[in-house]
Amino acid sequence: MKAGLSRERVLDAALDYVDAHGLPALSMRKLGAQLGVEAMSLYRHVPNKDALLDGLVDRVMETAFAGLGEPGPAGWEPWVRDFAHAMRAALKAHPGVLPLAATRPVNSPDALRMSERWLAAMRAAGLPLGRAMDVVNVVATFTIGHTLAEVGRTPGHEGSEPDLDQRSGDLDPAEFPNLVEVITTRAGLDFDSRFTEAVDILIAGYRVP
């Protein structure tokens, strides 16, 4: 299986491993075993564990933005909305990478070139450079945080995350009438609508000069 080994194949295998076993279980030795090669063979594609972790974030973002394009004649607002939803979908598909996305910057050469194109197009659409950078950073940070709250797992403790529904039998309606109503009616618990509305509010706020 060594033939055809590439950085992309190594990172995709690492994503599959993290999806199945969690981030703390990932090691170069285990990844090599999954690919049917010695761990040393991986170092030609990812020089160390830190590079592997950075590469996981890069790979998820590459997947997220593969079909995104750049802001066009319709302006920057629809593009930012698509940017946010594409990032959330990719992170939901690989929740084990969320802690990395929240703490490790995406700064590979390809990611930097992509960011440069985005900023140029947003400026051409009428946003000053500083505001364009703020929009991308704030929306990305919100998207990562929202998705982490939605589907994130505590590394090493996957499956033990608390859930409000698990407390429903413990809540006294006289003391917690609003929380009991939330659990019963699901009011405010729709992650999809909450995310969509919040992104639209962020975009509207940045639209104001």
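Phe 65, Trp 79, Phe 83 and Trp 118 form one aromatic cluster in what is a predicted model, for which local features require pLDDT of at least 70 and side-chain atom pairs count only at pLDDT 80 or more, while totals for chains, interfaces and linings use all residues. Residues are numbered from 1 along each chain as its sequence is written, and side-chain values use heavy atoms, with hydrogens and water left out.

Six aromatic pairs are found when the whole structure is searched, a pair being defined by ring centres of Phe, Tyr or Trp (its six-membered ring) that lie within 6.5 Å, with planes under 30 degrees apart counted as stacked, over 60 as edge-to-face and the rest as tilted. One of these is the stacked pair of Trp 79 and Phe 83, with 5.4 Å centre to centre and 25° between the planes. Both residues belong to helix H5 (residues 76-93), where they are four residues apart, about one turn of the helix; helices (H or I, at least four residues) are DSSP runs numbered from the N terminus. Trp 79 is buried, at a relative accessible area of 5%, and Phe 83 is likewise buried, at 2%, the term denoting under 20% relative accessible area (1.4 Å probe, protein chains only).

Trp 79 also pairs with Trp 118 in an edge-to-face arrangement, at 5.2 Å centre to centre and 65° between the planes. This pair links distant parts of the chain, since Trp 79 lies in helix H5 and Trp 118 in helix H7 (residues 109-124), 39 residues apart. Trp 118 is buried as well, with a relative accessibility of 6%.

Two packed helices are described by the angle between their axes and the distance between the axes. For helix H4 (residues 49-65) and H5, the angle is about 130° and the axes are 8 Å apart, where axes are lines fitted to C-alpha atoms over the stretch in contact and angles run from 0 to 180 degrees between N-to-C directions.

How values were computed:
Helix = DSSP H or I, 4+ residues; strand = E, 2+ residues; numbered from the N terminus. Buried < 20%, exposed > 50% of the residue type's maximum accessible area, 1.4 Å probe, protein only.
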